[in-house]
Amino acid sequence: GLAVVGAGVAVAVHCGVVGPTSTTKLLAADTAPRAPELAGISAFDNTAPVTVAGLKGRVVLVDFWTYTCINCRRTFPFLRALQKNYPELTIVGVHSPEFGFEKVHDNVARAVKELDVTWPVAEDPEMVTWRAYSNQYWPADYLVDRPGRARSFPPGARNEAATQTALPDLLNQRRTAPLPRIGHPPTPAQPHAPTPPPHPPAPPP
């Protein structure tokens, strides 16, 4: 599709075809840029409002997606696995719409629930955060280290193997006491209550 950037300049954006994957290593800490802030956010799902600055001290994966994009949906099992395997990782989804109806909060909130997206989602209806990251693809993942630097800044796409390789190094840097998870993990199924024992028979009269 086409997205309008700046003063009427149209650039190609892509959904439905996975964009190029980055094979580069993590950017060096001393040269990595500060991660752009979440800007132009109209609503948050699964969390109170969060900011990149407020997440300092955490390793953050910023995931750009839109709910009609099939490749975005295909990333969710991978993201759920990351949540399970790396409890210290904070995932923040940025919902940047391709179509007008995807800007509607009720539609996004319904999709978040139906697709079982349990991590925080920032709704970016005018694609302000999208432009701040110079993003061009759905889905696209960016890794932010504990001091808030964008250590993984691909041209826009997911690279699951590279992400899994990079995460342990980022999580082990400046490790502090674990911080509470943000979002709403699925509620585990409750065990059935045990069947009460039968009442003893009444004594004969």
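Figure 1. Six strands make up an open sheet of mixed pairing, ordered 3-6-5-4-7-8; two strands pair if DSSP finds at least two bridges between them. Strands (E, at least two residues) and helices (H or I, at least four) are DSSP runs numbered from the N terminus. From one strand to the next, the twist averages 30 degrees. This is a predicted model, in which local features need pLDDT of at least 70 and side-chain atom pairs count only at pLDDT 80 or more, whereas totals for chains, interfaces and linings use all residues. Residues are numbered from 1 along each chain as its sequence is written, and side-chain values use heavy atoms, with hydrogens and water left out.

**Figure 2. Strand 4, strand 7 and helix 2.** Five bridges join strand 4 to strand 7 (residues 140–144) in the antiparallel sense. V60 has V144 of strand 7 as its bridge partner. Helix 2 (residues 105–114) packs on the sheet and touches strand 3, strand 4, strand 5 (89–95) and strand 6 (121–123); contact means heavy atoms within 4.5 Å. The direction of helix 2 makes about 15 degrees with that of strand 3. Axes are lines fitted to C-alpha atoms, for helices over the stretch in contact, and angles run from 0 to 180 degrees between N-to-C directions.

**Figure 3. Aromatic pairs.** Nine aromatic pairs occur in the structure. One of them, W65 with F76, is edge-to-face, at 5.4 Å centre to centre and 80 degrees between the planes. W65 belongs to strand 4 (residues 59–65) and F76 to helix 1 (residues 70–85), so the pair ties together parts that are 11 residues apart in sequence. Rings of Phe, Tyr and Trp (its six-membered ring) pair if their centres lie within 6.5 Å; planes under 30 degrees apart count as stacked, over 60 as edge-to-face and the rest as tilted. A cluster linked by ring pairs contains F64, W130, Y133, W138 and Y142.

**Figure 4. Surroundings of L167.** L167 is situated in helix 4 (residues 160–172) and is buried, its relative accessible area being 0%. Neighbours within four places in sequence aside, L167 contacts V59, L82, Y86, L89 and L143. A distance of 9.5 Å separates the C-alpha atoms of L167 and L61, which are 106 residues apart along the chain.

Technical notes: Buried means under 20% relative accessible area, exposed over 50%, partly exposed in between (1.4 Å probe, protein chains only).
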